[in-house]
Amino acid sequence: MTNEIDRKQARGKVIVVSGPSGVGKSTIVREVCRRADDVDLSVSLTTRKPGPDEQDGRDYRFISEPEFRERIEQGLLLEYAEVFGNLYGTPKDKVDEALAAGRSVILEIDVQGGRQAKAAYPDAVMIFILPPDEKALAERLDRRGRDTADVTEKRLDGASNEIAAAWQSYDNMVINEDLEHAIGEVIQIIEQALRGEETAPEPDERIGDE
Ligand code: ADP
Ligand code: 5GP
């Protein structure tokens, strides 16, 4: 496995990474961006309050709801959604700047936002991260230690909806059991997409397709 995205003839793409809260998305995409020279990570806007280890401008841009609504009005967001009672959205300018420079951009966003991004950028690469099982997801949310018990419960409740909704729009599924393995799979999916190869299995190979 190469640890760098193959740059040859690569044109930048939008890469959507979704998955239930606590599954390991941030951990994976941060590492993918560190290893790949020409892949950027989009920093989302949110009205949620920062967690103890989170830094404004690195993890999110933490803004107020009126500021968020103003950006919607001005058409500055590529996509946005309300998740667990807070607004989250992707600023459009950074994504378009990166694509114009031939770079790829990872959007770590929810399934609702992923659908909007796919509509805006039809060649977006859609990757969904799954936990090995429900227990592992609960443990990771706990270990992250950012949320109160009832917020954690809301996130766990949301997980099955998010997973059920993903089958329709995401053609690449990665199980994050062993972290290193999951990072390698995500890099491979991106490499293949940038080389213009089909990354998704044929429809009749997909689990869940009739
Ligand atoms: P998300 O961004 O999907 O909400 P995070 O990346 O914040 O999730 O990960 C949640 C927690 O799970 C973190 O403490 C992280 O270190 C841990 N984690 C991530 N991947 C794995 C893995 N493969 N095995 C065990 N723990 C993991
Ligand atoms: P968290 O509060 O755990 O950081 O994020 C909660 C959910 O919001 C996750 O599913 C995350 O992927 C999603 N999210 C984060 N940023 C964005 C964004 O810019 N747009 C959308 N639609 N969802 C986002």
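In these legends, Ala, Val, Leu, Ile, Met, Phe, Trp, Tyr, Cys and Pro count as nonpolar, Asp, Glu, Lys and Arg as charged, and the others, Gly among them, as polar. The views show a predicted model.

**View 1. Lining of the largest pocket, by residue class and by element.** The largest pocket of the predicted model has a volume of about 1200 Å³. Its lining comprises 43 residues, and those nearest the pocket centre are Lys25, Ser26, Glu108, Arg144 and Arg146. Two or more lining residues come from each of helix H1 (25-35), strand E5 (77-83), strand E6 (86-91), helix H5 (134-144) and helix H6 (149-169). The greatest contribution is that of H6, which gives five residues to the lining. By class, the lining of the largest pocket consists of 17 charged, 13 polar and 13 nonpolar residues.

**View 2. Salt bridge at Arg144.** Arg144, one of the residues nearest the centre of the largest pocket, forms a salt bridge with Asp147, with the closest N and O atoms 3.4 Å apart. Arg144 counts as partly exposed because its relative accessibility is 32%, a value between the 20% limit for buried residues and the 50% limit for exposed ones.

View 3. The structure holds 16 salt bridges. In one of them, the side chains of Glu31 and Arg34 meet at 2.8 Å, N to O. Both residues belong to helix H1, where they are three residues apart, about one turn of the helix. The two partners fall into separate accessibility classes: Arg34 is exposed, with a relative accessible area of 61%, whereas Glu31 is buried at 18% relative accessibility.

**View 4. Salt bridge between Arg58 and Asp59.** The closest N and O atoms of this salt bridge lie 2.9 Å apart. Arg58 is partly exposed, since its relative accessible area is 43%. Asp59, at 16%, is buried, because buried means under 20% relative accessible area.

View 5. Strands of a sheet pair through backbone hydrogen bonds, either parallel or antiparallel. Here four strands make up an open sheet of mixed pairing, in the order E4-E3-E6-E5. Strand E4 (61-62) and E5 are the edge strands, each pairing on one side only. Strand E3 (residues 45-46) is joined to E6 by two bridges in the antiparallel sense. Thr46 has Tyr88 of E6 as its bridge partner.

**View 6. Ser64 and Thr47.** Ser64 is located in the loop between E4 and helix H2 (65-73). With a relative accessibility of 32%, Ser64 counts as partly exposed. Although 17 residues separate Ser64 from Thr47 in sequence, their C-alpha atoms are 5.4 Å apart in space.

**View 7. The largest nonpolar core.** This core contains 24 residues, and the residues with the most contacts inside it are Val32, Ile106, Ile127, Ile129, Val186 and Ile190. At least two core residues are supplied by each of strand E1 (14-18), H1, strand E8 (125-130) and helix H7 (179-194). The largest share is that of H7, with eight residues.

Methods. Residues are numbered from 1 along each chain as its sequence is written. Chains are lettered from A and ligands numbered from 1 in the order in which they are written. This is a predicted model: local features need pLDDT of at least 70, side-chain atom pairs count only at pLDDT 80 or more; totals for chains, interfaces and linings use all residues. Side-chain values use heavy atoms; hydrogens and water are left out. On a 1 Å grid over the protein atoms alone, a cavity is a set of points where a 1.4 Å probe fits but cannot get out, and a pocket is an open set with protein on both sides within 12 Å along at least five of seven lines; lining residues have an atom within 4 Å of a point. Grid points are joined across faces, edges and corners, and a volume is the space filled by probe spheres set on the points. A salt bridge is a side-chain nitrogen of Lys or Arg within 4 Å of a carboxyl oxygen of Asp or Glu. Buried means under 20% relative accessible area, exposed over 50%, partly exposed in between (1.4 Å probe, protein chains only). Two strands pair if DSSP finds at least two bridges between them. A nonpolar core is a set of buried Ala, Val, Leu, Ile, Met, Phe, Trp, Tyr and Cys residues joined through side-chain atoms within 4.5 Å.
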